[in-house]
Amino acid sequence: MEAVLGQVEQLPALLAVSRSALVRDWDSLTLDRALEWARYFQHLHERFRARPQLREALSRRLRRSQPCPLLGFPALGRCPQLLGLALLENRALPPAACRRLLRSLLQPPGAGPGSDPRGLPLLARRKAAARLLAVPRRVPGPEPQLQAEARLLLSRLRQEEQQDGEAAGQLRWRSGVQEEQRAGEAAGQQRRLSGVQEEQRAGEAAGQLRWLSGALELLPQPRAFGVVAAALALLKQGPGAEQVGDGDRDGSSSPEGYQESAAGDGCTAGLLLSWLLGNQERFSAFCLGLPGSHLAFLAGHYPQLSRSYLDLLTGWGRHLHYDPLQGRWVKSCLDKAELSWEELRERFICLCQRSRLLKEQTQAALELLRTQDGDFKVRGLSVWGDLLMEVGYKCVNTKAT
Amino acid sequence: MDCGMAQDTTVPKLNFEYWLDKAVEWGQATTLESQKDVCLHLPQLQEFLHQLYETIKHLVLLDQRGKLEKQSQQGPTAAIQQFPLIGQLLGRLCWNPFVIGYDESQKTLMWCLCCLYSSEPQNAVELKANSWIRSLLCHLLSSSKWESNEAETSTFISALGYTSADYYCHLVKNMVVSLVTELRENQFNGLSIQENISASRVNAISIFCVPLITLPDLTPLLETLLLYHGGSSKEVLSSEFLEAVNEAFLKKKISLPESAVFSLWLRHLPSLEKATLHLLDQVFSIQLNSLEEVACVIKDSLLPQAASHPAIFRIVNEIFKNALMETDGTSEVMTIIKVFTQLFLLAYQNENKQPKFPLKAYFPYHHQPLVRSLVRRPFELSTAYWSQHVKHISDMLKALVEDTNVSSLTDLFEIWFLVACFGEWLDIAAEQLLKAAVEPDPVLWLLAFYYCPKNENQQRTQTMVEAQAVYNHLMMLFSCADLSLKDLEAAVRRVTGIEQCCNQRLTMHLLTNFLLFSSGGHKIAQECIYHITEITDTSKEVYNLLIHTAYRLNHSGEENQRTVKLMNELLQKLKLKV
């Protein structure tokens, strides 16, 4: 087993090399060896996916061997494609090796178990399908591309949750046994033990956040926001809607698995939200970039988000002042005020149309602010009062969702 | 090794220029006309690409053997010499998503590209070619340098540990779900339509789906399109789409829910016609061992179930009628029609979902009481009542036919066809003659009508007379335990003699039943049938007759084991002759 673990450690290195200029020295034999390794890793994946403890051991070893633990156990399963496509894109690969690569990618010698002979042609076909079906959408919601990226992000995060859950579970189990064995131990040691667990969990959470940040930074910021928004929306559309094709989620068919995955979803959402809300500038840019209706949807489902969003909106609202000559609200300091009156109003209306709870929350907040401003119900004196009037008018027939 | 000899192989004449012109004309298939044109040519193009690949592969292999020569040229060079513009062709086709999305074309294209890649580029041109091939493959499989937004996505996804395979799997599924939702929300619900989708949009979507029909991800969209009804009365789906779906369904490359298939046939007549003709071909090609097999094939085709829609039933019936006339009433077609009608009745009577159409919708021009009698399944009545029912049918039929209004041959044919479809009652009639105590004349008349409907020169009357003679002859011998072939000579001679065809077949029918159901007949059955089929060319007819009887016996739970055993023996022997 130790030998296998040692081999698995090589996976990140293999993939890294395949993307680097080091391949310029490869010949066909080297390439064959690399592909053999890839198939071997896939074989390991098939053997161990149904055996949680061994799988966990492999995952841990994999993560240890990477500075930033991006690859998990499922990466073993798709190693041939990862390697193949990485090499295909790597221009440093010399012609002889490349030819060998092309032959084996597109004409697999004799489809062994676990290899999918239809793999690459199917990919090309789907890619063409994506171009054909890219008619302009009329259904509201995030674009399919964002949704696809969001699904992949979610399933990756879920793997992390699953592994952490299992790791934490094992840790708890082990510490529980130890406690039983030392039945007469002082309470202090117990507290220390649980304290260690807490630290461990906090440490893991911080690590995950770093990882998530790193991954999202690979996308241009507007797109990253779109992906996160789509992911948060998907989480609320119910479980079972997103399954990665090759069934990475083992054990999720049992009722306990279902509950665990629901709890896991909560953790995933929490992680995404802490990324969003952790940085004020980022959150502000996020809210500016997304349309009001979409934000309202998310605010309706995530209380932390609705609170922060409201705070943000009220912050922006403070930068408006009333111009009696023009008879309307205008931005006072142009570099700090992000939204115009109309945009602000539209966003508040979206919030109120979303759900009864959200409407009450919003109105309560606005009323409080109006009270602070003197509680005048006359136009032009308090931006909050005016907003309340507009919102109240527009949302008379709100449909509670 | 003399490589000169190997050069002798003739390169098959490929219509290269034609396809290159087409590829140039299509461009990236952005206009409606080019899209429709591509769709029409996809199967032939795939065939051409396959042949092209075989040719280049052959050339490349030849060349590699030729490495011994001083001026050893790389494999790909030979291919390029043969087809100088091959780069243009492949390049253009790779940018046509209709071509890439179709069936196996993308696989063959990529193989061709592989072939042209040289492992030892000798000069700058070959290096450039290599680079171009790699770019094309990247364009097809991962992120392309020509599409800027793909690069960002690709980096992100590989950071997560996934490949473009995962990404596009999800992406296509999402797009399908999105389109399905949009279409379903726009169904005409009888009140008002919001006109969110225009007919041209649905038409465009249906065209985009044509190459993707056999891609499993698309099945929900195919189903939704087939069931889609906008507000307009004109067909909104493109005919290329409907034809292509039908083809794929008939070749069993896709599976669709029944409702979608029925909808397809209801809205596109050529598809229904093709499906019916395909069924006829299928049944003709199988070795007729038992009617159960035929029934299985017909049921799988979904046509009997679809025929619950009267429009479909009538069209299928017409096609069968034509087939019957074109083949001069050959027994195989008649078999198909009979089994089809039985299965149709089964589906019709079991249908309890929607309100059923009245029988008149399926048989609008016929005498309804006759239709109702024929539609009754034998198992619905007790066996004691069967002969009465047969008499009832016969009487009605006689009244209809001998009425002076039925003068034209067409009308006569229509009535005859109606009766022939419900062949069960005819078989029962023949059996009842021998097994039960019946008044023979009406039954004989029914059989005479079936085998000889026309009566301009009194053929039917004559047949009737002779049938009576045969019947009397056979009834006399029915209780005899010991029979010899000589006793049946009179009847046998009618069959083997060069007489009217109608008499021959009717007599054969009566004779066969006699052999199967009388105690004396069992002993000489084999001998008699052998004798007859030796002399005349009727093996197929007899075989057919026996198959039908076997089917009925199996389904009616015939208790007489000897009969069943004899039946099987006869069938075995005859099968070798047919």
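Predicted model: local features only at pLDDT ≥ 70, side-chain atom pairs only at ≥ 80, totals over all residues.
The lining residues of the largest cavity divide into eight nonpolar, four polar and six charged. Rolling a probe the size of a water molecule over the atoms shows where empty space is left. Here the count comes to six cavities of 30 Å³ or more. The largest has a volume of about 160 Å³.

Which residues lie nearest the centre of the largest cavity? They are Lys338(B), Gln342(B), Phe422(B), Gly423(B) and Glu424(B), out of 18 lining residues. Three helices of chain B each supply at least two residues of that lining: H19 (331-350), H24 (423-435) and H30 (539-556). H19(B) gives the largest share, with five residues.

Stay with H19(B) for a moment. The helix has 20 residues. From first C-alpha to last, H19(B) reaches 29 Å, close to the 28 Å expected at 1.5 Å a residue. Is H19(B) largely enclosed or largely open? Of its 20 residues, 16 are buried, so H19(B) is largely enclosed by the rest of the structure.

Now step back to chain B as a whole. Its secondary structure comes to 31 helices and zero strands. The chain has 578 residues, and 56% of them are buried. Take the contacts in chain B between residues at least 6 apart in sequence: 69% of these join residues at least 24 apart.

Helix H31(B) shows how burial can be arranged around a helix. H31(B) runs over residues 561-577, which is 17 residues. The span from its first C-alpha to its last is 25 Å, close to the 24 Å expected at 1.5 Å a residue. Its buried residues are Thr563(B), Val564(B), Leu566(B), Met567(B), Leu570(B), Leu571(B) and Leu574(B). They cover an arc of only 160° around the axis, so they sit on the same side of H31(B). The spacing follows a general rule. An α-helix has 3.6 residues a turn, so residues three or four places apart point the same way. What is exposed on the other side of H31(B)? There we find Gln561(B), Arg562(B), Lys565(B), Gln572(B), Lys573(B) and Leu576(B).

One more residue of chain B is worth a look. Thr507(B) lies in helix H28, residues 501-517. Thr507(B) has a relative accessible area of 4%, so this threonine counts as buried. Leaving out residues up to four places away in sequence, Thr507(B) touches Val470(B), Ala491(B), Arg494(B) and Val495(B).

Turn to chain A. Here there are 18 helices and two strands. Of its 401 residues, 46% count as buried. Among contacts in chain A between residues at least 6 apart in sequence, 71% join residues at least 24 apart.

Thr268(A) lies in helix H12, residues 255-278. Is Thr268(A) buried or exposed? Its relative accessibility is 0%, so Thr268(A) counts as buried. Which residues is Thr268(A) in contact with, leaving aside neighbours within four places in sequence? They are Leu154(A), Leu157(A), Arg158(A), Glu161(A) and Leu235(A). Take Arg158(A) from that list. Arg158(A) and Thr268(A) are 110 residues apart in sequence. In space, their C-alpha atoms are 6.8 Å apart.

Methods. Residues numbered from 1 in each chain as written. Chains lettered and ligands numbered in written order. Heavy atoms only, no water. 1 Å grid on protein atoms, 1.4 Å probe; cavity = no way out; pocket = protein on both sides within 12 Å on 5 of 7 lines; lining within 4 Å. Points joined across faces, edges and corners; volume = space filled by probe spheres on them. Helix = DSSP H or I, 4+ residues; strand = E, 2+ residues; numbered from the N terminus. Nonpolar A, V, L, I, M, F, W, Y, C, P; charged D, E, K, R; others polar. Expected span 1.5 Å × (residues − 1). Buried < 20%, exposed > 50% of the residue type's maximum accessible area, 1.4 Å probe, protein only. Arc of directions from axis to C-beta. Contact = heavy atoms within 4.5 Å.
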